[in-house]
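Biologist: I would like to learn how to read a model such as this one, step by step. Could we look at it together and begin with the idea of a contact?

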Amino acid sequence: MKYKLISNNNVVTFKMTTGKDLVRSKMGVAYAQSIIARAKDIKEVGDEIIVDGTYYFPVEVKKITKDEGVTE
């Protein structure tokens, strides 16, 4: 996975759009990773990713380099 979720005790604090509101809540890392894995659209905005325009997860974006043996 390109993104490392910022978590505390395997719990991710996230934001979610509900209509016109933005609510903050928590979920398990495994469930958050499954949401990201099934995503149709992921946008990077600063230190967050926006998944399908609904979920906002705080992440550490890992930069993949050619030195690691992976091409971009």
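Modeller: Contact means that heavy atoms lie within 4.5 Å, and please keep in mind that this is a predicted model. With that cut-off, and not counting residues up to four places away in sequence, Glu48 touches Lys15, Lys43, Tyr56, Phe57, Pro58 and Val59.

Biologist: Which side chain makes a polar contact with the side chain of Glu48?

Modeller: That partner is Lys15, whose side chain makes a polar contact with the side chain of Glu48 at 3.0 Å. Glu48 itself has its place in strand 5, which covers residues 48-51.

Biologist: Does Glu48 count as buried or exposed, and why?

Modeller: Buried means under 20% relative accessible area, and because Glu48 has 18% relative accessibility, Glu48 counts as buried. Val12, in strand 2 (residues 11-18), is also buried, since its relative accessible area is 0%.

Biologist: What is Val12 in contact with, leaving aside its neighbours within four places in sequence?

Modeller: Its contacts include Leu5, Ile6, Met27, Val29, Phe57 and Pro58; Phe57 and Pro58 are also among the residues that Glu48 touches. As for Val59, its C-alpha atom is separated from that of Val12 by 9.8 Å, although the two residues are 47 residues apart along the chain.

Biologist: How many helices and strands does the protein have, and in what order do they run?

Modeller: There are 1 helix and 6 strands, and from the N terminus on the elements run β-β-β-α-β-β-β. Across the whole protein, buried residues make up 24% of the 72 residues.

Terms used:
Residues are numbered from 1 along each chain as its sequence is written. This is a predicted model: local features need pLDDT of at least 70, side-chain atom pairs count only at pLDDT 80 or more; totals for chains, interfaces and linings use all residues. Side-chain values use heavy atoms; hydrogens and water are left out. Helices (H or I, at least four residues) and strands (E, at least two) are DSSP runs, numbered from the N terminus. Buried means under 20% relative accessible area, exposed over 50%, partly exposed in between (1.4 Å probe, protein chains only). A polar contact is a pair of N or O atoms within 3.5 Å; within protein, one must be able to donate a hydrogen and the other to accept it, and residues adjacent in sequence count only if both atoms are side-chain atoms.
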